[in-house]
Amino acid sequence: MNEFKIDLENINPVTLWGSNNEYFEVIKRQFPKIKIVARGNEVKVLGDENEIAAFTSRFSKIIQHVEKFHSLSTNELERLLDTKIDIEADKDTPQSTGAGSEAIVFGHNGIVVKARTPNQRKMVEAINKNDILFAIGPAGTGKTYTAVALAVRALKNKEIKRIILTRPAVEAGENLGFLPGDLKEKIDPYLRPLYDALDDMIPPEKLKVYLENRTIEVAPLAFMRGRTLDNCFVILDEAQNTTDMQIKMFLTRMGPSAKFIVTGDVTQIDLPKKQQSGLQTALRILTDIKGIDIIYLSGDDVVRHKLVKQILKAYGDIQ
């Protein structure tokens, strides 16, 4: 049996191993064929030479991350181990490491955004081959986050000049006058999820500049009317809350050199009961058009807290 020792100088064990050693237990489950012993600032690994090599390769990345950022979260550990983590699970399920699991975009603070499920990887592949993509699925499946990452990647690669992110402000009936504040203060609450995704992917100072010079524009869907959106990457989020005329208006804004992604959850339609969702109509009539692809995400793609999947099951949104 081979033995290998690793010194953990300048590493806070609590940060590395997590509260109540939860990260340590995750790492041990990820490498069941070797014995890992942690004492103070030393880690001893015993087992097969190849298994130890695999462990040290991954573990060195974790150490480098902690040394650089002095923090470690479940999401970061998941990325560094390249596995989907359930802290309380008896066993982790490794992710596929195919081409689709490569980084989509490198954010700040060590964040690496990549497709984490098979259907998210299908989104990455589909937008490379098509100019319009519909990503349909329940809450927590990462459809909006993946879409924003693809847009940021295109901007960083200089494939497009602008990103436009939009949502229907259904809760206010797109009549925002009665809300307090100036126009930005009125509409920002409805667009906050899009800002949250951008915050992970672009440093704050740079994002501020992009928003000020309109390299990135975040606006309600009503503001798209009459425009031609060209040389840009455009995302319509929460599309289930559009009417037939609104989604038709949006899709026909497309210029010759644009990419459009439409995301939505047909189980969460907030329109009046007698109002048909424009997304449902679009999915029905646009299915066979070349250049348009539709990806359906499912409960298997839920990447939020493990309870989210159970909640969606309880409400009947997923099987």
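Start by selecting helices H5 and H6, which are oblique to each other (angles under 35 degrees count as roughly parallel, over 145 as roughly antiparallel, 65 to 115 as roughly perpendicular and the rest as oblique). H5 covers residues 118-129 and H6 residues 143-156, and they pack at an angle of about 40 degrees with axes 10 Å apart. Axes here are lines fitted to C-alpha atoms, for helices over the stretch in contact, and angles run from 0 to 180 degrees between N-to-C directions. Helices (H or I, at least four residues) and strands (E, at least two) are DSSP runs, numbered from the N terminus.

A word on what is on your screen: this is a predicted model, where local features need pLDDT of at least 70 and side-chain atom pairs count only at pLDDT 80 or more, while totals for chains, interfaces and linings use all residues. Residues are numbered from 1 along each chain as its sequence is written, and side-chain values use heavy atoms, with hydrogens and water left out.

Back to the helix pair: the crossing of H5 and H6 is right-handed (the near helix is turned clockwise from the far one by less than a right angle). Show side chains for Gln-120, Met-123, Val-124, Ile-127 and Asn-128 on H5, and for Lys-143, Thr-146, Ala-147, Leu-150 and Arg-153 on H6; these make the contact (heavy atoms within 4.5 Å).

Next stop, the salt bridges (a side-chain nitrogen of Lys or Arg within 4 Å of a carboxyl oxygen of Asp or Glu). The count comes to nine.

Select Glu-217 and Arg-162: their closest N and O atoms are 2.7 Å apart in a salt bridge. Glu-217 sits in strand E10 (216-220) and Arg-162 in strand E9 (162-167), so the pair ties together parts that are 55 residues apart in sequence. Glu-217 is buried at 8% relative accessible area, whereas Arg-162 is partly exposed at 24% (buried means under 20%, exposed over 50%, partly exposed in between, with a 1.4 Å probe and protein chains only).

Arg-167 is buried at 11%; Glu-238 is partly exposed at 25%.

Now move to Arg-192 and Asp-199, whose side chains meet in a salt bridge of 3.3 Å, N to O. Both partners are partly exposed, Arg-192 at 37% and Asp-199 at 34%.

Finally, select Arg-162, Arg-214, Glu-217 and Arg-227 together: salt bridges that share partners join them into one network.
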